[in-house]
Structure formats: C-alpha cells, structure tokens
Amino acid sequence: LAFGIDIQDQSLILSCKDMGEPVDYGQLNNLPDQTIDDESFEKGLSLFIIKKLMNKVELLNLGKKGHELKLVRYLNKYQEPIEKIVEEDLSHLPYSLVFLPPEKAILIAQSAYQTYGHSYLYEDVYYPERIAGKIKDGSFISVGALSNDDRLLGHTALVLDDNHKTGELGVAFVNPNARGKGFLQDLTFKLIENAQDKNLEMIYVTAVTSHIYSQKAASKFEFKDMALFVGCGSELNMKGINEVSDHRESFIIMGRYFNTKMTRTIYLPPKHREIISNTLEHLGITPLLNSEDNSYQAHTKGIEISTSLYHTAKVFAYDIDSDLPHKIKKIKFDLTANSAKAIYLYLNLNDPKLPSLFEQFENLDFFYAGITCGYHDQDWIILQYLNGFPVDFDKININTEFGRIIHNYVKAEYIKLTT
C-alpha cells in the first residue's frame with residue numbers, strides 16, 4: 001500500500017494505491033450520490049458513505065500498477081479576514097429590505113463570519129460560490145437589510161428542500177455593529193410571506209437548546225415544536241452569545257404549516273400513537289389515519305443518506321419492507337465505523353407496512369425523536385441513535401410547554417433504552 005496527501009487548488013487530496021485484484025470500476029464509480037437501492041446495497045454501501053463524506057471520490061485502474069483511490073475535500077471555505085473587524089455604529093445607516101442576487105453571496109459569507117466566526121451550523125454559508133449557485137437555482141431565497149453603501153446589516157434565508165414544497169428558515173444574523181433595529185423580525189416576515197406566495201406546504205426552523213432565545217423568536221412567528229434531535233451538533237460557540245455549551249448541542253425542530261389538511265394516509269406505530277397524535281394536533285394538522293385505501297405504491301427511491309461535518313447522519317427509508325431492518329443495521333454499523341456520533345432515521349409513515357415492522361428498528365437501539373410532515377413529499381416518524389456519548393437532559397433548555405412534553409417523552413425513551 002502507498003498513501004499520499006496533497007493540497008492543490010484549495011483542495012485536500014488523499015490517495016491510496018494498492019496491488020489488489022481487479023474490480024469493476026465502472027459500477028463502483030457510478031454508484032448514486034443520494035440514494036442506494038437493493039442492487040447496489042451490499043456491494044457499495046461503504047463506498048457510498050465515503051462519497052457522502054467527501055466532495056469527490058475517484059477509483060482509478062492503473063493496469064499493472066494496481067489501483068488508486070483518490071479522495072478530494074474542498075478547502076475553499078471563506079477564510080477569516082486579515083483585517084480586524086472595526087467596531088463602529090451602523091445602526092443609523094439607511095437601508096432597504098431586498099432579495100439578494102447571486103453576486104451578493106460574498107456579503108453573506110462575510111456577515112456570517114463577523115457574527116458567528118467559523119461556528120455557524122449551516123456550512124454552505126462559508127462558500128460564496130455555493131450560495132450564489134443556490135440563489136440562481138431558486139433553492140436559497142436570501143433576504144437582506146442592505147445599506148445604501150452596500151453593507152449587509154442583517155440577513156435571513158429560506159433554504160428549500162429538494163421538492164421545493166418545504167424549506168428551512170435560517171442563516172439568520174445581524175451585523176454586530178447594527179443590532180437593535182429589529183432587522184430579523186422584518187426579514188423573517190418577508191420570507192414567510194414569500195413562502196405563502198409560493199404555496200409551500202411547510203417551513204421549519206432548527207433551534208438550539210443550550211439557550212432559548214432562538215426558540216422564543218420562532219414561537220413569535222407561530223413555529224411549533226415537533227421533534228427533539230439529541231446531540232446533533234458539536235459544542236456551541238457563537239460570537240455574541242455568552243452561554244457556551246460543554247456538551248454536544250441538541251436541537252428542537254419547529255414547524256409552521258400552511259396546508260394543515262393531510263392528503264396522505266399515515267399509519268401510526270401503536271407505541272407512539274398518543275405522542276404523534278398530540279403533536280399533529282399541536283401543529284394544527286388534520287391527519288388521515290389508517291385509511292382503507294389500498295392504493296399505496298412502494299417507492300423506488302430506496303434509502304437516502306446524508307451526512308454532516310458534525311459527525312451526524314440522516315437516513316431516509318422511503319419503502320418499508322421486511323429487509324429494511326437488516327439494511328438499517330448494516331448502515332448503522334458502517335456509519336458509526338466512520339465516526340458518526342448520531343444517526344437520525346426517518347421512517348415513512350405513509351407506508352402501511354410500518355406498524356408491523358416498527359419494533360425491529362427500536363431493537364437496533366434507536367429511540368423516538370419526533371415527526372415531520374410533508375418533508376420530501378412524505379410524512380415521517382424520526383428515530384435517533386447515539387453512538388456512545390452521554391446525554392444530560394437537564395442541559396437541554398426548552399421554551400414552550402409542548403416542547404417540554406416532547407423533551408420529557410424523548411428523555412423517558414432514552415432512559416428505557418440505556419437502563
């Protein structure tokens with residue numbers, strides 16, 4: 001074996017050469033980027049996970065010289081400016097609330113740094129070219145308080161999911177030198193109106209729990225608690241927030257639904273029927289429960305996996321069948337072997353086979369996190385698995401009464417699992 005490390009064009013390149021037996025590089029290089037189906041599951045899962053963790057993966061056939069695996073990770077993240085940020089009062093500057101075009105993406109990256117350093121949870125915000133591309137394709141709706149001399153005083157965005165029917169409200173910050181003008185409230189109102197104009201089904205926020213400030217702000221805009229992700233992020237350390245957590249950050253997921261009448265039938269696992277029913281009522285959603293309609297058709301999307309730099313993974317199981325518990329067990333093993341600290345398993349509530357198989361997933365040491373509806377055109381129950389780190393639920397701060405109901409339920413399920 002021969003290993004190599006190189007940096008070229010703002011990219012870290014790791015290479016491994018070996019003289020092993022020939023393999024079918026065409027099949028392996030053509031593994032899908034987002035989903036993995038039954039045919040490629042057994043032979044390609046490990047490589048699939050590697051592809052999710054890196055920006056580029058190449059398998060090269062070197063003939064008599066063997067093979068080479070080349071892994072590329074982009075390093076062109078927006079870097080800290082050399083100049084010290086000058087403290088000046090910008091609150092007096094005249095400004096306009098505008099939808100930002102792609103060429104203003106650099107202002108978003110710079111403002112994110114000025115507010116949060118390099119600790120902001122949405123990694124793409126530090127890559128101006130990525131943000132510009134998303135603004136162009138309509139998946140990143142950016143609104144800013146822009147001064148007459150082109151300074152970004154405040155910002156928030158709606159990041160649309162793949163189906164462009166749901167989206168996450170976030171990437172919110174105010175220039176530290178321009179606080180106290182109510183920018184975020186005005187910007188948030190503008191984005192909510194935009195979401196309604198686009199007939200989105202739902203928007204949601206991911207709020208930290210080391211403090212309740214962001215939860216309180218979301219509640220003012222009628223976002224309601226629906227899931228608690230334990231240990232989803234690294235330790236929180238943001239500029240301008242004095243409270244610094246000494247444990248992995250947990251998040252409360254809060255949704256606001258514009259279309260509250262369900263058109264998809266959901267099938268509830270008996271064990272969690274009460275908490276799910278209460279959550280749907282809290283969200284104002286009228287569900288279709290256990291319909292006699294037998295028109296459900298299995299998905300062809302298979303299993304979808306996404307990973308984050310915070311050593312977490314989301315696994316979406318669109319089609320529930322008898323082989324799925326075995327597949328999830330293997331995915332869990334491979335993800336934890338690749339340093340995943342937490343795994344969030346999304347199970348399709350619209351599949352009538354779910355209730356009969358549900359217990360098998362909890363037998364894999366997954367426990368309840370919550371629900372979400374309309375995400376990726378489906379309704380989901382979310383389970384979570386924690387890879388060997390302790391959880392202090394007393395350090396998880398929840399703002400609302402129903403949020404505390406979810407917190408206590410998740411805590412009880414965690415205690416059952418670990419005792």
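**Aromatic pairs in the predicted model.** The whole structure holds 16 aromatic pairs, a pair being two rings of Phe, Tyr or Trp (its six-membered ring) with centres within 6.5 Å; planes under 30 degrees apart count as stacked, over 60 as edge-to-face and the rest as tilted. This is a predicted model, in which local features need pLDDT of at least 70 and side-chain atom pairs count only at pLDDT 80 or more, whereas totals for chains, interfaces and linings use all residues. Residues are numbered from 1 along each chain as its sequence is written, and side-chain values use heavy atoms, with hydrogens and water left out.

**Close-up of Phe189 and Phe221.** These rings form an edge-to-face pair, 5.1 Å centre to centre with 75 degrees between the planes. Phe189 belongs to helix H5 (residues 183-197) and Phe221 to the loop between helix H6 (213-220) and strand E11 (224-233), so the pair ties together parts 32 residues apart in sequence; helices (H or I, at least four residues) and strands (E, at least two) are DSSP runs, numbered from the N terminus. Phe189 is partly exposed at 44% relative accessibility, whereas Phe221 is buried at 10% (buried, under 20% relative accessible area; exposed, over 50%; partly exposed, in between; 1.4 Å probe, protein chains only).

**Close-up of Phe316 and Trp380.** The ring centres of Phe316 and Trp380 are 5.5 Å apart and the planes lie at 75 degrees, so this pair is edge-to-face.

**Close-up of Arg130 and Tyr127.** The charged end of Arg130 sits over the ring of Tyr127, 3.6 Å from the ring centre (CZ of Arg or NZ of Lys within 6 Å of the centre and within 35 degrees of the ring normal).
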